[in-house]
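These are my notebook entries on a structure I went through chain by chain. I kept to what I could look up in it and wrote each item down as I went.

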Amino acid sequence: MGSYTSYLCFNTKSLREFINITAQVESAVKESGVKEGLCLINAMHITSSVFINDDEKGLHQDLAQWLEKLAPYGKDKYRHNLTGEDNADAHLKRTIMGREVVAAITNGKLDFGPWEQVFYGEFDGRRTKRVLIKIIGN
Amino acid sequence: MGSYTSYLCFNTKSLREFINITAQVESAVKESGVKEGLCLINAMHITSSVFINDDEKGLHQDLAQWLEKLAPYGKDKYRHNLTGEDNADAHLKRTIMGREVVAAITNGKLDFGPWEQVFYGEFDGRRTKRVLIKIIGN
Amino acid sequence: MGSYTSYLCFNTKSLREFINITAQVESAVKESGVKEGLCLINAMHITSSVFINDDEKGLHQDLAQWLEKLAPYGKDKYRHNLTGEDNADAHLKRTIMGREVVAAITNGKLDFGPWEQVFYGEFDGRRTKRVLIKIIGN
């Protein structure tokens, strides 16, 4: 069994952003040399996400608006913010969007359906964040 | 390390449906010959889910109604639907229910608790969709 | 490829509780002897969760209150409760929080970001529940 580890870095200009990282994940799979295996992609921070969805701008706006409705920003809305933070909503938004994706590698490639794209979802940006890619297989 | 790949196909009559796929996943585990390992089961589409919950009809009705409340259908409610689609709500519903399940294989069997059953959750049916089963281990 | 399996047991005094299980998961990783691999940690019950977030009390209160808003408890609110149960809300809460975490193992350790801690989330306690830790790798 072989394994491969790499890290992606992000420092978004906006507080919230969705970034398509499919090409980086594909590169990692190629570099790993793994033909059959599993690829874990996870946010290493608790106010951001890795998820799979469509690369369509309207949908991303819908997602952002929907998350704001389900888990609104608000310095005075959450107990967590009594610690001096104002990012409690980001913890909740990331909870809905998920921390990680596990993808299959088949014949040396990500075994994806036609519209599957991997995204990094930032909910508390303007600081450095990392994503981990871990691949195991043969 | 051994690996095994198979695909399930669905074309539901209803727009939304929950289908118990535990028996198919168990068959795949048996066929793989893997005794100790991991089994990834994921929707290959971005308007459907694979998740684990109880096989109880009342609960499935509760889930459907709850998802409709959190992410209501509506042609005019979402920017994504300006592309001509009417399935933005299905993208959101699948986000809550999740894309994938990773299950352990122990002694050649799915290592599940007493009530764990694997479901395919369709939120934009009446077209062909696929689920991927990927198994790695010894 | 090596593999390792262990089970954690919980019987919470409260109906709902978040328990930090990071130390137990770290022990399992050490005991497995795996240096490079994947670690699956999942609830074996459908009314509890395993998730990663911050170990901050205020945030945990925010999470509990938020889950109660999104999926309120109520004996008469859900069809599932017609079976004699009163835990339909716990099934929904766990759906939002997720069933499982997949973590990377690098150099014999959990490859976590600075604030990542693993939690067991109980939403229908006062009975025995189990969490599965499955590790595969080299």
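How many salt bridges are there between chain A and chain B? I count two salt bridges between chain A and chain B, and I note at the outset that this is a predicted model.

**Entry: chain A against chain B**

I looked up one salt bridge by its residues: the side chains of A:Glu36 and B:Lys134 meet, with 2.5 Å from N to O. I then turned to polar contacts, and between chain A and chain B the count is 15 residue pairs, both residues being at pLDDT 80 or more. I listed the elements that give two or more residues to the side of chain A that touches chain B, and they are β3 (37-43), β4 (48-53), α2 (57-70), α3, β5 (100-106) and β8 (129-137) of chain A. The largest share of that side comes from α2(A), which supplies eight residues. Sorted by class, the side of chain A that touches chain B has 18 nonpolar, nine polar and seven charged residues.

For the extent of the contact, I noted that 34 residues from chain A and 29 residues from chain B take part. The two chains bury about 2600 Å² between them, and 59% of this lies on carbon and sulfur atoms. In chain A, the residues that lose the most area to chain B are A:Leu38, A:Asp62 and A:Trp66, which together account for 22% of what that side buries.

**Entry: chain B against chain C**

I repeated the search on the next pair of chains. Here 34 residues of chain B are in contact with 29 residues of chain C, and chain B and chain C bury about 2600 Å² between them, with 59% of it on carbon and sulfur atoms. B:Leu38, B:Asp62 and B:Trp66 supply 21% of the area that chain B buries against chain C, more than any other three residues.

Across the interface of chain B and chain C I find two salt bridges, and I looked up one of them, in which the side chains of B:Glu36 and C:Lys134 meet at 2.5 Å, N to O. The polar contacts across the interface of chain B and chain C come to 15 residue pairs, both at pLDDT 80 or more. The elements of chain B that give two or more residues to the side touching chain C are β3 (37-43), β4, α2 (57-70), α3 (88-97), β5 (100-106) and β8 (129-137). Of these, α2(B) gives the most, with eight residues.

I next followed B:Asn53, which lies in strand β4 (residues 48-53) of chain B. Because its relative accessible area is 0%, B:Asn53 counts as buried. The side chain of B:Asn53 makes a polar contact, at 2.9 Å, with the side chain of C:His91. Beyond four places in sequence, B:Asn53 touches residues of both chains, among them B:Leu59, B:Trp115, B:Phe119, C:Ile46 and C:Thr95.

Leaving aside its neighbours within four places in sequence, I find B:Phe119 in contact with residues including B:Phe18, B:Ile21, B:Val50, B:Phe51, B:Asn53 and B:His60. I also looked up B:Phe119 against B:Glu17: the two are 102 residues apart in sequence, and 9.7 Å apart in space from C-alpha to C-alpha.

**Entry: helix α3 of chain A**

Is helix α3 (residues 88-97) of chain A mostly covered or mostly open? It is mostly covered, as 10 of its 10 residues are buried, and charged residues such as A:Asp89, A:Lys93 and A:Arg94 are on that list. Just after α3(A), A:Gly98 takes a positive phi of about 95 degrees.

**Entry: cysteines**

I searched for disulfides over all chains and found zero. A:Cys9 is in no disulfide, and the nearest cysteine sulfur, that of A:Cys39, is 17 Å away. A:Cys9 is exposed, with a relative accessible area of 55%. B:Cys39 is likewise in no disulfide, with the sulfur of C:Cys39 as the nearest cysteine sulfur at 17 Å.

Note on methods. Residues are numbered from 1 along each chain as its sequence is written. Chains are lettered from A and ligands numbered from 1 in the order in which they are written. This is a predicted model: local features need pLDDT of at least 70, side-chain atom pairs count only at pLDDT 80 or more; totals for chains, interfaces and linings use all residues. Side-chain values use heavy atoms; hydrogens and water are left out. Helices (H or I, at least four residues) and strands (E, at least two) are DSSP runs, numbered from the N terminus. Buried means under 20% relative accessible area, exposed over 50%, partly exposed in between (1.4 Å probe, protein chains only). A polar contact is a pair of N or O atoms within 3.5 Å; within protein, one must be able to donate a hydrogen and the other to accept it, and residues adjacent in sequence count only if both atoms are side-chain atoms. Contact means heavy atoms within 4.5 Å. Buried area is the accessible area (1.4 Å probe) that two parts lose on being put together, summed over both. A salt bridge is a side-chain nitrogen of Lys or Arg within 4 Å of a carboxyl oxygen of Asp or Glu. A disulfide is a pair of cysteine sulfur atoms within 2.5 Å.
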